Amino acid sequence: MIKCSMCNNNSIYFNTICNKEYCQKHFSEYFEGSIKKNIQQLTKKAPKLAVYYSGGKDSAVILYVLKKVLKYDVVAITADLGLPQYFEKIADLGNKICNELGIKYYKAQLKHIIGVDIGELIKEKNPRLACHYCGEIRNIALDRASRKLDVDAVVSGHNRDDITRFLLNNYLKNDIFRLMEFASKIYPREDIVKMINYKNPIQLKPLIYLSEKEISLYCSIKNIELTTACCGFGDKNKSDMQGWRNDLTYTINYLEQKYPGYSLDLINNFENNLSTIFNEYIKSNPKVFKERQCVFCKKSMNTEEKDVCLMCKNCAEEIGLKIDEQFSVTLI
């Protein structure tokens, strides 16, 4: 048997980037340490964190590590998309996991918060655009739910593969604001929040340096339970987004296999160079943050009335989005 690079135990994982073998103990330490390092970007010593729980391996791992291993103050939030059977399966497992970990579990109901849900959009719009709309309106609802819970930061389970795919996608589309909002491991930086009057909690992505393969292995080691629930609209034959997404995934996997460390190099280049340049640009031109392009029509938003993620007023009205600041977030 191949031995761990740090001890004499048998290896369970070979890291092709650093050329190290890991036993179960040292793999867990490496994995948990990566998450801890990213959370420690926050200057507050004991922050309250909200995890966007989707039922998948990424958000389940985040909940487990933040609460059970790192002992943070954590709450979980699931978005009710208006797809009852899908939501019930996620909520049942989420309730079980949160009870075991001692975490409060909340529901963010899109219909109550923003006036429209995915179920309604699918009936009125092209079902092939379900994923297109879902990502935006779900995030708006989750961000507002987090504000109600008065958390210091929100945590999503986007991993290294997700971020790499998103970087490539938006490099090709030349969508710099979209890049910054999604692909930064901390967004916006704390020194910029007050300057731009950012209302939503800071966003953290502590899995940014961990691959899907590593996350799956950690779930297996810790016996973390996952859901098999599927919304039914993410299939490449049903969604206009998934075919392109799958092509990017194939390309990334090919490059990573041929050039180990490719995805990590791409992310590090973004964080160490482009992200720094962008943040300095915001400091000298604060208004540019409020002049982002709408993710749908690509026109300049040019409004400070309400922070509606990356949707302009016209596109928001077109899908029936009416933000209610008086909504309540309910415990599941």
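This report covers the sheet, a pocket and several single residues of a predicted model.

## The sheet

Seven strands make up an open sheet. Their order is β7-β8-β6-β3-β4-β5-β9, and the pairing is mixed. Two strands form the edges: β7 (186-187) and β9 (330-331). Each of these edge strands pairs on one side only.

## The β3 and β4 pair

β3 pairs with β4 in the parallel sense, over 5 bridges. Two opposite positions can be picked out in the structure. Lys 48 stands opposite Asp 73 in β4. Tyr 52 stands opposite Ile 77, also in β4.

Both strands are mostly covered. In β3, 4 of the 5 residues are buried. In β4, 7 of the 8 residues are buried. In a regular strand, side chains alternate between the two faces of the sheet.

The loop between α2 and β4 holds Lys 71. Phi of Lys 71 is near 65°, a positive value in a residue other than glycine. Lys 71 has a relative accessible area of 63%, so the residue counts as exposed.

## The second largest pocket

Rolling a probe the size of a water molecule over the atoms shows where empty space is left. In this model, the second largest pocket has a volume of about 670 Å³. Its lining has 30 residues. The closest to the pocket centre are Ile 17, Arg 160, Ser 211, Glu 214 and Glu 256.

Several elements give two or more residues to this lining: β1 (13-15), α1 (24-39), α7 (160-173), α10 (212-222), α11 (242-258) and α12 (262-284). The largest share comes from α11, with 5 residues. By class, the lining of the second largest pocket has 9 nonpolar, 12 polar and 9 charged residues.

## Residues in and around the helices

Tyr 254 is part of helix α11. Is Tyr 254 exposed, partly exposed or buried? Tyr 254 is partly exposed because its relative accessibility is 44%. Tyr 254 and Tyr 86 are 168 residues apart along the chain, and their C-alpha atoms are separated by 33 Å.

Gln 40 sits in the loop between α1 and β3. Its relative accessibility is 48%, so Gln 40 counts as partly exposed. Gln 40 and Pro 206 are 166 residues apart in sequence. In space, C-alpha to C-alpha, Gln 40 and Pro 206 are 9.7 Å apart.

## Backbone points to check

The peptide bond from Tyr 187 to Pro 188 is cis. Its omega is near -20°. Pro 188 lies in the loop that runs between β7 and α9 (190-196).

Asn 223 also has a positive phi, of about 55°, although it is not a glycine. Asn 223 is found in the loop between α10 and α11. At 68% relative accessibility, Asn 223 counts as exposed.

Methods. Residues are numbered from 1 along each chain as its sequence is written. This is a predicted model: local features need pLDDT of at least 70, side-chain atom pairs count only at pLDDT 80 or more; totals for chains, interfaces and linings use all residues. Side-chain values use heavy atoms; hydrogens and water are left out. Two strands pair if DSSP finds at least two bridges between them. On a 1 Å grid over the protein atoms alone, a cavity is a set of points where a 1.4 Å probe fits but cannot get out, and a pocket is an open set with protein on both sides within 12 Å along at least five of seven lines; lining residues have an atom within 4 Å of a point. Grid points are joined across faces, edges and corners, and a volume is the space filled by probe spheres set on the points. Ala, Val, Leu, Ile, Met, Phe, Trp, Tyr, Cys and Pro count as nonpolar, Asp, Glu, Lys and Arg as charged, and the others, Gly among them, as polar. Buried means under 20% relative accessible area, exposed over 50%, partly exposed in between (1.4 Å probe, protein chains only).
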